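Subject: Structure handover

Hello,

Please find the structure below. My notes on it follow.

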Amino acid sequence: MSSDLLEQKSPPVPRVITTKPRFTDKVFRAVVTSGGMVSLVLLGLIGFFLIYNGFEAIQNAGLSFLTGFDWADAIPEIDQPAMYGVGAMLFGTIVTGILAMLFGVPIAVGTALFLSYYAPEWLKKPMVVVVDVMAAIPSIVYGLWGFFVLMPHAEYWAKLIHKYLSFIPIFDMPAPVFTRSPFIAGLVLAIMIMPIITAISREVFAQTPPERIQAAYALGATKWSMIKAVVFPYGRGGVVGGAMLGLGRALGETVAVYTVLNLVYDIRIEILLSSGGNVASMIVNKFGEADFVELQALMAAGFVLFIVTLIVNFIANFIINKTARE
Amino acid sequence: MSHQDNPNSTNDREANMDQKTQNQARDTQRRDATRRPVSSHSLADVANSRLSSVGVPSGSSTGLEARGIHAWFGSKHVLEDISLDFFTGTVTALIGPSGCGKSTFIRILNRMHEFIPTAALAGQVILDGKDVYDAGVDVTKIRLKVGMVFQKPNPFPSMTIRENVLSGLKLAQIKIENADELLESCLRRAGLWDEVKDRLNEYGGALSGGQQQRLCIARSLAVNPQVLLMDEPCSALDPGSTLRIEETIRKLSASMSIVIVTHNMQQAARVSDFTGFFLADGGPGRLIESGATNDIFTNPKQQRTEDYVSGRFG
Ligand SMILES: Nc1ncnc2c1ncn2[C@@H]1O[C@H](COP(=O)(O)OP(=O)(O)O)[C@@H](O)[C@H]1O
Ligand SMILES: [Mg+2]
């Protein structure tokens, strides 16, 4: 009897806790899971398709596929092999992306602040709709608008910048051709990515805890000092995440850049000069007349772009999630 | 001197006070009154023990005055014809059941009411002889003179303890010479210095709830307000923290006018010199009775006041 009791007093072992899901729950879980899997699989397939088709080009060129900035078909007459490198276009992608952020983020954050804290009620709703609609306008429209409407003005601004700031190397001008420059492409991209950054910024600004806002006002804060002390620290992560999403879009933008930028396979730091490019618009430029070997190189270029935008988006999501948890 | 119900030495704390105002003598006298050992805590006793020094305040010391205040949210009339004076060097408690408009009333005093889009008001709030709602008044200046402590402690989480205390200066763009001195004196007056003096560069959110609330008090002191409004400052805190904050309130009242909303009758009796009783009774909230705290708790003029303070409703 007593030994029985002793035996039962074995050291405690944590129990395994399980729940038996109900049938409807199982079905729902299956549906949702497969939905989630589909997008993952699609993403994987696209990546695989690109690397599968472009592998040979990357293998042939090696690292110079990333760093080289020639894009030349083979010329059998003089025994010159094909040379494909996305270096110049990758550089151009990054330059236009950075320019788009420099112009676009301040405009977007300013718009979001205006909508959240300054706009009168009657203006707020229509403006939110307008900004959201801007996100849905096809990029060719931005491209055409940029070419015909923005460019003449931007050309003038570029000349001004050049006139007063040409001592800074990036504003230097070897040849006076101001149209179709990375500067103008950056402006068009900025306007394209502005809506998404505005939407996300507005969202995080709206979540600023009201008791902190009240605390600031109760201490004699002006609206602007309240925003600096409360809204910005709270919304910083969200704004950065939104900006990265915008950057992801700017890096992959094809048609708008193709319309307003003069594709030149060269790495030039002068952003006002009519010479630049980005990977996406290069692909669309070359795709029509490409032979098999060049097509492989274009696939490889696509793969590079795919990876770059994927990384940027991952970083964006990471930042947004990290700040959402805080 | 024996003093059972307050383990923290009030003497030490008072010795720390760097402000020597003329009110202090009177204040200390009042403290002595509170220190009488009170074993049976009937509200009347508690209020009585504070009475000795509180006479009728001299008319000249009126710092803040509400005259004929009405308030609406949309078309809902929530406050009707409230007139109440607040005297420098005293604590005024506002009591009454939930929803009778106490918060609305004190938010009207420092113009926080207008942040609610549907809010409207009538009447005047006179600060230093001028109506704070006059056209052309710089509202940020009003809020500097009339500080506020909220129900839920709300330090700025992105700022350190030090930055929190000094945040009012930054927010109102006030430049000062010796920030460190101000930092220390504010934290001392809020009764928090000893607990945080070695961790001034930690974030405010790392403190306990009671410490956070005292940090918020220190923060409002840094801009040197004449009036401090407190909306149920202890309702989210444990009894120990509550005691410390009451102690802080009593010390601060020497140099400013304090208005405290509380649901705790004991607290009203312990810390306040004057009490206003609000009641809404279905319609808009009204000030049923106001006067010396002692009178309100010992022989109120209105039956409803007596019912409320004796716990018969609310
Ligand atoms: N933002 C608001 N919008 C509409 N009605 C409100 C708002 N805030 C408070 N009220 C109403 O005003 C009345 C007074 O509220 P309040 O001042 O918070 O009371 P108390 O602080 O005494 O509990 C209540 O009837 C409440 O429902
Ligand atoms: Mg309230």
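How do the residues of the shell around ligand 1 divide into nonpolar, polar and charged? Four are nonpolar, five polar and two charged (Ala, Val, Leu, Ile, Met, Phe, Trp, Tyr, Cys and Pro count as nonpolar, Asp, Glu, Lys and Arg as charged, and the others, Gly among them, as polar).

This is a predicted model, in which local features need pLDDT of at least 70 and side-chain atom pairs count only at pLDDT 80 or more, while totals for chains, interfaces and linings use all residues. Residues are numbered from 1 along each chain as its sequence is written, chains are lettered from A and ligands numbered from 1 in the order in which they are written, and side-chain values use heavy atoms, with hydrogens and water left out.

The ligand: residues that surround ligand 1 (a heavy atom within 4 Å) include B:Phe73, B:Lys76 and B:Ile116. H4(B) gives the most to this shell, three residues. An oxygen atom of ligand 1 lies 2.6 Å from an N or O atom in the side chain of B:Ser103, and an oxygen atom of the ligand is 2.7 Å from a polar backbone atom of B:Gly99.

The interface: 16 residues of chain A are in contact (heavy atoms within 4.5 Å) with 24 residues of chain B. One salt bridge is counted between the two chains (a side-chain nitrogen of Lys or Arg within 4 Å of a carboxyl oxygen of Asp or Glu). The salt bridge joins the side chains of B:Lys152 and A:Glu211, at 3.4 Å from N to O.

Regards

Terms used: A polar contact is a pair of N or O atoms within 3.5 Å; within protein, one must be able to donate a hydrogen and the other to accept it, and residues adjacent in sequence count only if both atoms are side-chain atoms. Helices (H or I, at least four residues) and strands (E, at least two) are DSSP runs, numbered from the N terminus.
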